[in-house]
Amino acid sequence: MSDNLLNIKNVSKEYYGNKVLKNINIELKKGEIHALIGENGAGKSTLMNILFGMPVIHSTGGFEGKIEIEDKEVNIKTPHEAMDYGIGMVHQEFMLIPGFTIAENIKLNREITNPNIVSKVFGKRYETLDYKKMNEDARKALDTLDMDIDEFTTVAGLPIGHMQFIEIAREIDKTGIKILVFDEPTAVLAESEAKNLLKAMKKLASTGIGIIFISHRLDEIIDVADKVTVLRDGEHVATKDIKDTSAIEIAQLMIGRKVSIDRSESAERKTTDETILSIKDLHVAMPGERVMGIDLEVKKGEILGIGGLAGQGKLGIANGLMGIYPAKGEIIFNGNKLELNNPKGSIKAGIGFVSEDRKGIGLLLEESIELNIAFTAMQINNEFLTDLGLLKLKNSGKIRKHALEMIKDLDIRCTSPSQKTGRLSGGNQQKVCVARALTQNPILLFVSEPTRGIDIGAKKLVLDLLLQLNQEYGMTVIMTSSELAELRSICDKIAIICEGKVEGILSPLASDAEFGLMMSGSSKLADERSGS
Amino acid sequence: MTEIKENRNGFKDIVTKIGLPTLIIAAFWILTLVTAAFLDMSISTLLSDTIKRAGMNGILVLAMVPSIQSGTGPNFALPVGIVCGLLALVISIELGFVGIAWLLVSIALAIPIAVLAGYFYGKLLNAVKGSEMTIATYTGFSIVAFMCLIWLMVPFKNPKMGWFIGKGLRETIQLDSVGGAQLLNNFLEFKIGGVIIPTGLILVFLFFCLLMWLFTKSKTGLAITAGGMNPKFSIATGLDINKNRIIANIVSTVLAAIGIIVYSQSYGYAQLYNGPLMMAFSAVAAVLIGGATASRAKVSNVIIGVVLFQGLLTTALPVANEIFVGTDLSEIMRMVIQNGIILYALTQVKGGDK
């Protein structure tokens, strides 16, 4: 046991009565690369926050369990203490200052200084920087990583791959670094850069540093890791030696099926062969959800699910088609070419959109339920208006009548139609958003993350509502969600988006392993295996 | 017990509904009125002045509503509209109109000029999103300075407004000479217990309030409001926010132009050159006192605000002069009160909504 660098023992964490981590046990040995994998919300970030003593953990009541470093129990209360214990982190987003040189970035806040006259009077913060020594140290760190780049070039304009390496160099330059956490380091890298990074990780591990490698790319994990721990919904599912497992098994463990999907099938699903929406080579510049060339066909009357991990671009599709983020590509909707980057045109063509950003984009929180419901139809289709010639006034009577109908149909719980939407619960807000989209009489409805941030009871209601709209009115629904289970419960087929592209289209009844592999962008891996 | 509790809740509701600043100012105004009564000053004169000044300034304050609603903040560039109104006013005099014809022609001329100016001003604001208030303030100052040149150089020949020697227009133009002074004030004017009610002036103000209220309930008005409240929502709804912001600022500028004409006729003088320089500030202060914020304003805020603000100014100054005999505090007091109110109101603005 003495060669264990880090022991995480029975760690649990609760946020406001909501268990997000349950009895996690992880051991990390010297020179070991330990992969951590799990869907979004599986608890990876929370676990790392605990390890780094982030304030968010302690301000919400701390955690249960023990953390030991080199078999000594430690109590890490701030990120600074974590640093003192020799824990370092390579961030997903680069925390580098573009105008500074590589050496300056590496040495940031740990500068080597020499005293001068001013500093003798005013204190240590006014000492002169010892550039020579700083550059030497930086050089050493860069050499460890086989980086042949000059330490005195500025960071601005460097390729992304290099920036990642500078982040790593900064961590290994810290004296006494024992444990390094890589949080999805390859997510933003090109393939060749990612290969280099993995090589560097192996090299670092060989010097005795323990590495925790968070990633969703199964092939990489198989490639570099010694062990893998799978988390799902805050639970520790399994820890396996890589040599005893396979990508397919890991994928299966990651998706799992805790709750059986109650899919009220569906013999009389009336999908047609008629294509209502055809997307060709769609690119959307949505920050964090970039879409890079998607081709997709949607049949009239079906419920299409769009799944995938966060940041892979699944949310970008709807936002791009609705003109909220700049997009390019060729879209044929309902037989006509759809002009992109024109929200009004998309709405007029008959596309409704329930945004994933309910409070930001979906609602006017300061306005009444009735106005929220009627707003789009009023502005775009000139409904609910009294025409006075010069001015078009809103027709409060009509709006009220329609709102009351919607409130009844969708079972929106509110005190009155004039209640402000900001006062409603998440589920009811979501219903108002749906009501607004329905008031436009759309032919096709995009629903993004319909159950995000609402409680379980309301989730089911919202899903039932979507199913009902589809069955009763023949509305084509495209539902984007991070929760695979809910996609599988109502969709006819599910497109999995990975790295801005469609990785594949699956039946909701496909196996967990298939979903897992696709979400990790490793479907090729599965093919190879089944081929061999 | 429960009754008391309910009462307390009721009081709290009133405070949140009307707004604490509004209540404080109202209380302070009543206090000065009481003081004035103790000092044997004529309350009826003070009230008459208050009503008259509220009517005079009302439309200028109303001009704040569209710009605030559209998300560009209080229209600190009110002078842009004001100089448009003044320009129309002097053109109307130059063309030889007098009396009610002068007033109507002034307003008719002011509207197209202000629409044009408002359009370009709106374009400017769209180019500087995020710092509208600062840019607006300096736009206001710049346009006043620029117009100083114009007032000097226009080749108008009418002796009623020229300098006695040299070229250019006078600083203050007496509207008596064109039969334009107190035209609206005198219309159906009557007295209740010594308080003079300038019926015409009040009616015109209320008429514009009604128009503005209808506008906020219209399709365009709602689109403008939505754009101000939640730009992302508006984009997703397919609204053209930039266009709506321009429309809002055109409406605001036109109201400012008409507002200064109504103001001038009541005052009896048209003040050119540096006259409009600081006018935006009292209008902003008034609407903020009325309970508006830098991102939300209603017509009711305008009516409450203009009465309170002008009431406080017209009452507090004579009272202050009476108390501190021998000093002339009035101008200093006015500046302190007016700018203090703006400062206070702006600190109440809830940030981060842009």
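A: A:Lys243 counts as exposed, because its relative accessible area is 72% and the cut-off for exposed is over 50%. The model is a predicted one. The side chain of A:Lys243 meets that of A:Asp241 in a salt bridge, with 3.8 Å from N to O. A:Asp241 has a relative accessibility of 25% and therefore counts as partly exposed. A network is also found: A:Lys107, A:Asp137 and A:Asp173 are joined into one by salt bridges that share partners.

A:Lys107 is in the loop between helix H4 (102-106) and strand E7 (113-114) of chain A, whereas A:Asp137 belongs to helix H6 of chain A, so the pair ties together parts that are 30 residues apart in sequence. Their cover is as follows. A:Lys107 counts as buried because its relative accessibility is 5%, under the cut-off of 20%. A:Asp137, at 23%, is partly exposed.

Another salt bridge links A:Arg170 to A:Glu167, whose closest N and O atoms are 3.7 Å apart. These two residues are three apart in helix H7 of chain A, so about one helical turn separates them. Both A:Arg170 and A:Glu167 are buried. Over all chains, the rule gives 21 salt bridges.

Setting aside residues up to four places away in sequence, A:Leu158 touches A:Ile102, A:Ile149, A:Met163 and A:Ile166. From A:Leu158 to A:Asn336 the C-alpha distance is 44 Å, and the two are 178 residues apart in sequence.

Domain 1 covers 1-85 + 178-245, domain 2 covers 94-177 and domain 3 covers 275-531. Taken over C-alpha atoms, the centres of domain 2 and domain 3 of chain A are 47 Å apart.

A nonpolar patch on the surface is formed by A:Ile117, A:Val118, A:Val121, A:Phe122 and A:Tyr126, which together have about 580 Å² of accessible area. A:Tyr126 sits in the loop between helix H5 (117-122) and strand E8 (128-129) of chain A. With a relative accessible area of 48%, A:Tyr126 is partly exposed.

Next comes the contact between the chains. 27 residues of chain A are in contact with 19 residues of chain B. The size of an interface is often given as the accessible area lost when the parts come together. Between chain A and chain B about 2,000 Å² is buried, 68% of it from carbon and sulfur atoms. Of the area that chain A buries against chain B, 25% is supplied by A:Leu364, A:Phe375 and A:Gln379, more than by any other three residues. The rule finds three salt bridges across this interface. In one salt bridge B:Arg296 pairs with A:Glu367, and their closest N and O atoms are 3.0 Å apart.

A:Asn382 is not a glycine, and its phi is positive, near 55°. A:Asn382 lies in the loop between helix H14 (369-381) and strand E19 (385-387) of chain A, and is partly exposed at a relative accessible area of 40%. In chain B, B:Tyr273 has a positive phi of about 50° and is likewise not a glycine. The loop between strand E4 (269-271) and helix H13 (279-289) of chain B holds B:Tyr273, which counts as buried at 9% relative accessibility.

Two covered places complete the account. In helix H19 (residues 512-519) of chain A, seven of the eight residues are buried, among them A:Phe515, A:Leu517 and A:Met518. A:Gly521, with a positive phi near 65°, follows H19(A). In chain B, B:Thr137 is part of helix H7 (residues 132-153) and is buried, with a relative accessible area of 14%. Apart from neighbours within four places in sequence, B:Thr137 is in contact with B:Phe76 and B:Phe281.

Key:
Residues are numbered from 1 along each chain as its sequence is written. Chains are lettered from A and ligands numbered from 1 in the order in which they are written. This is a predicted model: local features need pLDDT of at least 70, side-chain atom pairs count only at pLDDT 80 or more; totals for chains, interfaces and linings use all residues. Side-chain values use heavy atoms; hydrogens and water are left out. Domain bounds come from an automatic or database domain assignment. Patches are made of residues with over 30% relative accessible area and no salt bridge: like charges are joined within 9 Å, nonpolar side chains (Val, Leu, Ile, Met, Phe, Trp, Tyr) within 5 Å. Accessible areas come from the Shrake-Rupley method with a 1.4 Å probe; for residues, only the protein chains shown count as cover. A salt bridge is a side-chain nitrogen of Lys or Arg within 4 Å of a carboxyl oxygen of Asp or Glu. Helices (H or I, at least four residues) and strands (E, at least two) are DSSP runs, numbered from the N terminus. Buried means under 20% relative accessible area, exposed over 50%, partly exposed in between (1.4 Å probe, protein chains only). Contact means heavy atoms within 4.5 Å. Buried area is the accessible area (1.4 Å probe) that two parts lose on being put together, summed over both.
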